[in-house]
Amino acid sequence: MKARFTLIELLVVVAIIAILAALLLPALSMAREKSKSINCQSNLSQIGKAMTLYLEDARGFFPPITESGSWIKWQDRLMPYAYPGKTTEVKQNIHFDSNLKVPHGVFRCPSGIGLANYGLSNYCPKTVQSIKRPSTPTRRVLAGDSTAVSDNNPSLHETNITFRHKNMVNLLFVDTHTESRGRGAVPVAASFDDPFWGNSL
């Protein structure tokens with residue numbers, strides 16, 4: 001005679017599965033977000049490498065956040081360096097061009113919404129001799145998670161920095177290293193001499 005499960009036994013099994021799922025799902029969600037944050041930092045690291053190559057060709061001049069008149073943005077300027085071989089063209093919003101088969105690529109945070117999710121620091125100087133020349137390059141932010149990524153102003157400053165990774169923000173610094181910081185580790189107000197936001201080199 002075949003053994004059969006009673007209704008009570010089936011309900012117990014279902015209850016155990018439900019409990020296990022309730023315990024595992026938050027852990028899986030945290031692991032998924034951690035993976036997105038790591039990918040985000042990888043994106044910023046690649047942006048830092050592309051910026052280094054750009055500066056070598058631009059005699060140390062940083063790209064403007066948005067060029068008046070042409071509306072070419074800093075991401076557009078970095079495209080040939082972020083994706084060598086894909087394009088040598090620089091034009092408005094080329095970093096959104098799906099025909100390049102790099103759909104927003106390194107300029108889009110995996111946890112972000114929209115086409116691009118990183119801003120270039122408003123306080124980054126437009127003329128330096130080298131990306132490694134400024135004083136305190138390890139403390140001077142260059143780019144990071146930002147909410148101000150509209151077509152006209154893909155910038156980063158103290159009012160639009162966003163903590164989208166479980167209350168953490170990913171940042172790229174002038175020396176091209178990346179960090180993930182909490183709210184308490186990011187200055188809430190900019191000042192000229194501040195080593196994080198400041199204009200002074």
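This is a predicted model: local features need pLDDT of at least 70, side-chain atom pairs count only at pLDDT 80 or more; totals for chains, interfaces and linings use all residues.
Residues are numbered from 1 along each chain as its sequence is written, and side-chain values use heavy atoms, with hydrogens and water left out.

Let me start with the sheet. Helices (H or I, at least four residues) and strands (E, at least two) are DSSP runs numbered from the N terminus, and two strands pair if DSSP finds at least two bridges between them. On that basis, 5 strands form an open sheet of mixed pairing, in the order β3-β1-β2-β4-β5. The edges are taken by β3 (155-156) and β5, each with a single partner strand, so one side of each is left without a neighbour in the sheet.

Within the sheet, strand β1 (residues 118-121) pairs with strand β2 (residues 141-145) in the antiparallel sense, over 3 bridges, and glycine 119 stands opposite glycine 144 in β2. Strand β4 (residues 168-173) and strand β5 (residues 178-182) also run antiparallel, joined by 5 bridges, with asparagine 170 opposite serine 180 in β5. These two strands, β4 and β5, form a hairpin with 4 residues between them, and threonine 176 in the turn has a positive phi of about 80°.

Two salt bridges come out of a search of the whole structure, a salt bridge being a side-chain nitrogen of Lys or Arg within 4 Å of a carboxyl oxygen of Asp or Glu. In one of them the side chains of aspartate 145 and arginine 164 meet at 2.7 Å, N to O; this pair links distant parts of the chain, with aspartate 145 in strand β2 and arginine 164 in the loop between β3 and β4, 19 residues apart. Both aspartate 145 and arginine 164 are buried, where buried means under 20% relative accessible area, exposed over 50%, and partly exposed in between, with a 1.4 Å probe and protein chains only. Glutamate 179 forms a salt bridge with arginine 181, the closest N and O atoms being 2.8 Å apart; glutamate 179 is partly exposed at 25% relative accessibility, whereas arginine 181 is buried at 18%.

Turning to the rings, the structure holds 3 aromatic pairs, counted where ring centres of Phe, Tyr and Trp (its six-membered ring) lie within 6.5 Å, with planes under 30 degrees apart called stacked, over 60 edge-to-face and the rest tilted. One of them, tyrosine 54 with tyrosine 81, is edge-to-face, at 5.8 Å centre to centre and 85° between the planes. Tyrosine 54 lies in helix α1 and tyrosine 81 in helix α2 (residues 74-82), so the pair ties together parts that are 27 residues apart in sequence.

Finally, which residues line the largest pocket? They are Met30, Glu33, Lys34, Ser37, Gln41, His165, Lys166, Met168 and Ser180, and helix α1 (residues 7-57) gives the largest share, 5 residues. A pocket here is an open set of points on a 1 Å grid over the protein atoms alone, where a 1.4 Å probe fits, with protein on both sides within 12 Å along at least five of seven lines, and lining residues have an atom within 4 Å of a point.
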